[in-house]
Each structure stands twice: as structure tokens, then as C-alpha cells.
Amino acid sequence: MLTNKFNFLILLCLLLTLYFNISSGYTKESWVISEFLINYEGGFVRRGLLGHILLIMSKKYSIQPYYTVILICLIIYVYVCLFFLYYLKKFQIPFILLLSACLLGGPIIFDFVIRKDCLLIVFFISTIQLIYNTRINFTLNLLLINVLGILAILIHESYIFWALIPIIISLAFRINFNQNSKFLNSMVKSLILLLPNFISILACLYFKGNEKIRMIIWDSWGSINFPYNSKEMTEGWAINALGWPFSTGIKMFFSSFYHFSFGVYVPLGIFLSVSISLAFIYRILNLSPHRSSKFSNGRLFLSLFLLQLPGILFLCIMGCDYGRWIFLWFSSSLIMYFLADIKFLEFLSLKTIKFSNLCLKTGSKLYLNKINCYILFLLSGISLVHWNFLSYLYSTPVGYFINLVLYYFDYVTFIGYHSKV
């Protein structure tokens, strides 16, 4: 009974936070809205597919792009929630897992429900389902997998870094899962079969945008009204970012190695934040009935989590939205845990056993294996951009509860956090 009341309180806090986020509105120039306005009016450019469709629909059918984006993103977020709820019930996993800041609590806490991340999650879910669906003809399956991959990459290139590695390895495993000695050959076949995805990647990396294209894109929305506009900005943040060189993200990443936040060394803060969230999920999954006779549920998840590490690390180097990347990291790993064949999970757990053991030993030294699951949940949090101690505290259940109360009474928020520019 106490557990149910605790879950209800956390869920209520998140729903109220979502309501306040949406009702306060987003300016046309904000990261949230301008990300959906990138289009092909100035020629092919990365992230432009969705915005070009939205522009055509707005001009041809006079739909309001702002409310269309809000509605579609909310529907997608609800769908992703329902997907997770279905598998939590199927595998008898406690509901509290869903509310974690590193999973579906994160988009609400840091106000990126109205972004492209959950849409990319839907593409990833559909792709993994296709890979492990043996009832559909393999050729048709492969065609659909490539189409989904191309669409996702054209919507946002971050998909390259966190989604393609598990997709490539899952496809290789399906090609030849019975012959471990020839798995490398299967990997090569998988890469060849996914070649259209890599062509899309190269196109996005090459046509990354410039100042002229940015101005054409922004001007293309000039005749369309938006309910909220910034008095300070003359161009959308996300559109402006199209011309940023890759070196900008790299400099931001390596600058964190010289920073402290309230006396906490920033890289150490990131490591501890991720470790606490990982320990929470590891412990929660081990409370449910075992899926494998060879490895614990936590081990199965940990192997998937480690599989994603190289791509996520590269993504963090290229962009500083760490909270979003961590959300995609944990979410995609859990999706794989839900959908992947148990033989694949056991195979991957065996291949990553040395790294898994190292992670578990590190967690043991930090006493994370001795802390109650609910205490770990209360301590679990992330930071949206870079890492700072107050942003981490805000994302913990206690932090966003206090922030919600202060926001409700129109006082200064817990850390002065507000994502709308």
C-alpha cells in the first residue's frame, strides 16, 4: 500500500510538471519548437525532413504548426509510456522503474517531451521488432528496417550514435546466431545490408548547414503565425545550431574536465549520476522473475547498456545535451531487454562478462549493492546540459517535488531552471 502511494505521488508530480511545461508555452525561437522548423527550403540539410513536411502541410492545409507539434509529441510520448507499461507488466517489473529520471521521467523533468527524442524511440522500437519478427519475409523485413533507419536519420542524426550499434549486432545475430565462430562474417553482412543507412549518415554529415541555408529556413516560416514569440531572439536556436562546427561540441566536452560544480568534479559527478541510475535499474530488474537460467536480469540489461557505451560517449563528445543522451541510452537498452531474443541476450552477456564484472565490482566498492532500491530511486538523477550539481538535484524526486511546489506558488524555482528561451 505504501509503495502504491509513493508511486502515485511521484506520478502526480510528473503529470503536474508536464502540465505546467505545456501550459506556459514555447516560443517560436526556442530549441523546442525551432527544432521542428528545420526544412529543405534552402536545399538538403540534416534534420530537415520533419520540418519540410510540416511546412508543406501548414501552407497547403493551413494547419497551425505549433499546436500540431505539441499534439503529435504528446501522442508519441503516451505511446512510448504505454509500450513500457505493457512490458513492465509482462515481465512483472515494478512500476517505479518507469518514473526514473533516466527513463520516462526525464523528458518531463527537463522539458524535452516536445522534442524529437521520443519519435526516434518509436522508430527504434519498430526496427527491433522487425529484426526479431520471423513471421515476415526477411527481404521485406530488411527493406522496412532500412526505410525506418533512413527516416530516423533524416529526422535527427543522433540516431546514428545510439541506435545503429544494437541494430547492426541484432541483425548480425539473426543472420547467423547458431555459428558463433562466424559471427564476424555476419557482422560484415549486416553492415552491407544496412548500407542505405550509412549513405544517409554521410549525407547528413556533409550537408550540415550554413548561414545562408539558416536564413532561408527561418524566412520560410515568416508568413505563418505562432502563438509565442521571443522579443530578444531573431532566429530559432535549433536552426542557428545547424552551422555550428563539430569542434564546438568537442571543445565543450573536454572543457568539462577542468570544471567543478559545488566542489564536485564534473566528470566524477557524471559517473556517479549514471552509476546510481544504473544500480537502481539493475536491482529493480533482479526483483522480477528471471528470464534466463544462465544470467540474472540485471546482467542481461548491463550487457546491453555496455553495448551502447561507445556510441553514447561519441554522442556526448559531439553535443552537450547529456540528459537527453542518457535518456536515450537507458531507454534503448531497456527496449532491447524487452524485445531481443533471449539467446541474443545470453550471447551478449557472455561476450561482455569481463566488463560486466568490472562494473559490478565498482558498484560494490561504492556500496551501491547495499542501498535499498527506493533510496537509489530517490538519489537517481541526471543533468540536462553538461553536468552541474543543482541540475542533478533538481532531477531527483525530492528536487522536482520542491521545484513543483515553488513553481505552483510562483516563487523562484529550486535552481532557477527553465528550458524555454
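1. Start on the outside, with the nonpolar patch: L202, L205, F246, I250, F254, F257 and Y258 sit together on the surface and share about 700 Å² of accessible area. Keep in mind that this is a predicted model. Two helices, α10 (195–206) and α13 (246–255), each give two or more residues to the patch. The largest share comes from α13, with 3 residues. L202 has a relative accessible area of 59%, so it counts as exposed.

2. Now the inside. The largest nonpolar core has 139 residues, and the members touching the most others are L97, Y159, W162, F330, F338 and F344. Helix α16 supplies the largest share of this core, 13 residues. As background, nonpolar side chains tend to be buried together in soluble globular proteins.

3. F330 deserves a click of its own. Setting aside neighbours within four places in sequence, F330 is in contact with C102, L103, V274, S277, L278, I281, F301 and F305. Recall that F330 is also one of the core residues touching the most other members.

4. S333 lies in helix α16. Its relative accessible area is 0%, so S333 is buried. Beyond neighbours within four places in sequence, the contacts of S333 are F301, L304, F305 and Q308. F301 and F305 turn up in the contact list of F330 and in that of S333.

5. F124, in helix α6, is another one to check. With a relative accessible area of 0%, F124 is buried. Residues up to four places away aside, F124 touches Y159, W162, A163, P166, I167, S332, I335 and M336. Among these, Y159 and W162 are on the list of core residues that touch the most other members.

6. On to charges: the model has 6 salt bridges. In one of them, E157 pairs with R46 at 2.6 Å, N to O. E157 comes from the loop between α7 (138–155) and α8 (159–175), while R46 comes from the loop between α2 (31–34) and α3 (49–61), so to speak a link across 111 residues of chain. Is this pair buried or exposed? Both E157 and R46 are buried.

7. R324 makes a salt bridge with D117, and their closest N and O atoms are 2.8 Å apart. R324 belongs to helix α16 (residues 322–339) and D117 to helix α6 (residues 117–131), so this bridge ties together parts 207 residues apart in sequence. R324 counts as buried because its relative accessibility is 2%. D117 is buried too, its relative accessible area being 1%.

8. R324 has a further partner: its side chain meets that of D321 in a salt bridge of 2.7 Å, N to O. D321 is buried, as is R324. Step back and these pairs belong to a network of salt bridges linking E35, R115, D117, D321 and R324.

9. A quick check on helix geometry, using α14 (residues 266–285). At 1.5 Å a residue, the 20 residues of α14 should span 28 Å, and the end C-alpha atoms are 29 Å apart, which agrees. How many residues of α14 are buried? The count is 15 of 20, so α14 is mostly covered. V274, S277, L278 and I281, listed among the contacts of F330, fall within the residue range of α14.

10. D111 has a positive phi of about 60° although it is not a glycine. D111 is found in the loop between α5 (106–109) and α6, and it is buried, with a relative accessible area of 5%. H386 likewise has a positive phi, about 55°, and is not a glycine. Its place is the loop between α19 (373–379) and α20 (389–395). H386 counts as partly exposed, because its relative accessibility is 26%.

Technical notes:
Residues numbered from 1 in each chain as written. Predicted model: local features only at pLDDT ≥ 70, side-chain atom pairs only at ≥ 80, totals over all residues. Heavy atoms only, no water. Helix = DSSP H or I, 4+ residues; strand = E, 2+ residues; numbered from the N terminus. Expected span 1.5 Å × (residues − 1). Buried < 20%, exposed > 50% of the residue type's maximum accessible area, 1.4 Å probe, protein only. Salt bridge = Lys/Arg side-chain N within 4 Å of Asp/Glu carboxyl O. Core = buried A, V, L, I, M, F, W, Y, C linked by side-chain atoms within 4.5 Å. Contact = heavy atoms within 4.5 Å. Patch = residues over 30% accessible without salt bridge, like charges linked within 9 Å, V, L, I, M, F, W, Y side chains within 5 Å. Areas by Shrake-Rupley, 256 points an atom, 1.4 Å probe, with all protein chains shown as cover.
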